[in-house]
Amino acid sequence: MANPVDPSQEIFETKHFQTYRRFPLTLASGKGTRVYDVDGKEYLDALAGIAVNNVGHCHPKVVKAIQEQAATLIHVSNLYHNVPQSKLADLLTKVSGFDRVFFCNSGLEANEGAIKIARKVSEQNGKTGPIIYFSGCFHGRSITTITMGKEAFQKGFGPLPEGFQQLPYNDIDVLDQIGSDTRAIIVECIQGEGGVNLANAGFLKKIGEICKEKEIILIVDEIQTGMGRTGKMFAYEHFDLDPDIISLAKGLGSGVPIGAILAKEDIATKIVPGDHGSTFGGNPLACAAAFANLEVILEEELLLNCQKVGTYLKKGLTDLAKNYPFIKEVRGMGLMLGIVFEPECRPIAIRLMERGLLVSCTAMHVIRLVPPLILTQDEADSILAILKEILEEGV
Ligand SMILES: Cc1ncc(COP(=O)(O)O)c(C=O)c1O
């Protein structure tokens, strides 16, 4: 419904490309785990910009870093060094254990870059086979990344690039088909857009073994799962995996657009001047925000909080779900949780929004909860209470 003082929804209808199925809500400000609409109504944000605001909205340390950097230097070309970029590169490589980083502006860009690198390096190693991706995955909306995605997103956008092969997610036996000619494998440890689907530990272990044995480049897409979302800095650390490349974005910059490709030395050093680049990637403003964001994750021990509150919330949701046969499953890890409903869940997400709780509905049937990692146990209780109210009314 149009708000008399806020024309945003009407302007969206008439002036924007209709790419998004938006909720009828205009958000105006945020603080911590809360956001406020144009009328000042408060919402508990269990979506966090889709797993972006990991340290909460407008964290004072991040705000200060952005303000100071904005007043100092917003952008310079990558033809020059800049201090925030080098500080972030140093901290991110230390924290992750990867050797080198390339900065870009979004998740799809990180995956595009990872694919470019994997193609070049694997070709130098004499491999000409496909890059393997898995059913249910989501790696972005560029032509290359939709090629590694579901058919519905590809329709009308062909011809798509060659050299990609899909295998079923979590099918351990099918992995035996992977030949040594394979250039790379890209995988999400938990599929976010696909419906909060967890990979089986055995499935990921076997992928890791095959990659080692056949010298295949392993790319783990940590765009949604990274920066502490699952209770470890990166989701692959829960599993027996040793990726060559990971891609990051969402939780990296606290909402200031930034993505990153992290790679091991032997891969990264095959990329030479001219192979890849970006005008904005790694600019001082984005890097200052991401540096402060990463410091907050470390200083406030958000991985621990994520594990603690995530476990508490998952148990609460699982206990709650037992009372409602229309809930099929509660799944996820850390503060990346999914409630799988029998019916389609968008109407449920709208009703939750009306009661002051923001969530998304993904893969049609899964209410996804990806709140800021600063969520408290009391706030987890509030999520459970609002959800219970809605479930009691029926779906
Ligand atoms: C796992 C994963 N990879 C890639 C992307 C694409 O990121 P972006 O929207 O920043 O291009 C997303 C976004 O939802 C994602 O969840």
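A disulfide here is a pair of cysteine sulfur atoms within 2.5 Å. A search of the whole structure turns up one disulfide, formed by Cys345 and Cys361 with their sulfur atoms 2.4 Å apart. The torsion about the S-S bond of Cys345 and Cys361 is about 95 degrees, so this disulfide is right-handed.

A word on the ground rules: this is a predicted model, where local features need pLDDT of at least 70 and side-chain atom pairs count only at pLDDT 80 or more, while totals for chains, interfaces and linings use all residues. Residues are numbered from 1 along each chain as its sequence is written, and side-chain values use heavy atoms, leaving out hydrogens and water.

How exposed are some of the cysteines? Buried means under 20% relative accessible area, exposed over 50%, and partly exposed in between (1.4 Å probe, protein chains only).

| Cysteine | Relative accessible area | Class |
|---|---|---|
| Cys345 | 0% | buried |
| Cys361 | 25% | partly exposed |
| Cys58 | 44% | partly exposed |
| Cys306 | 0% | buried |

The sulfur of Cys58 is 20 Å from the closest cysteine sulfur, in Cys287, too far for a bond.

Now to the rings and charges. A charge sits over a ring if NZ of Lys or CZ of Arg is within 6 Å of the ring centre and within 35 degrees of the ring normal. Lys87 lies over the face of Phe291, 4.6 Å from the ring centre. The charged end of Arg141 sits over the ring of Phe153, at 3.9 Å from its centre. Elsewhere, Phe134 and Phe203 are both buried.
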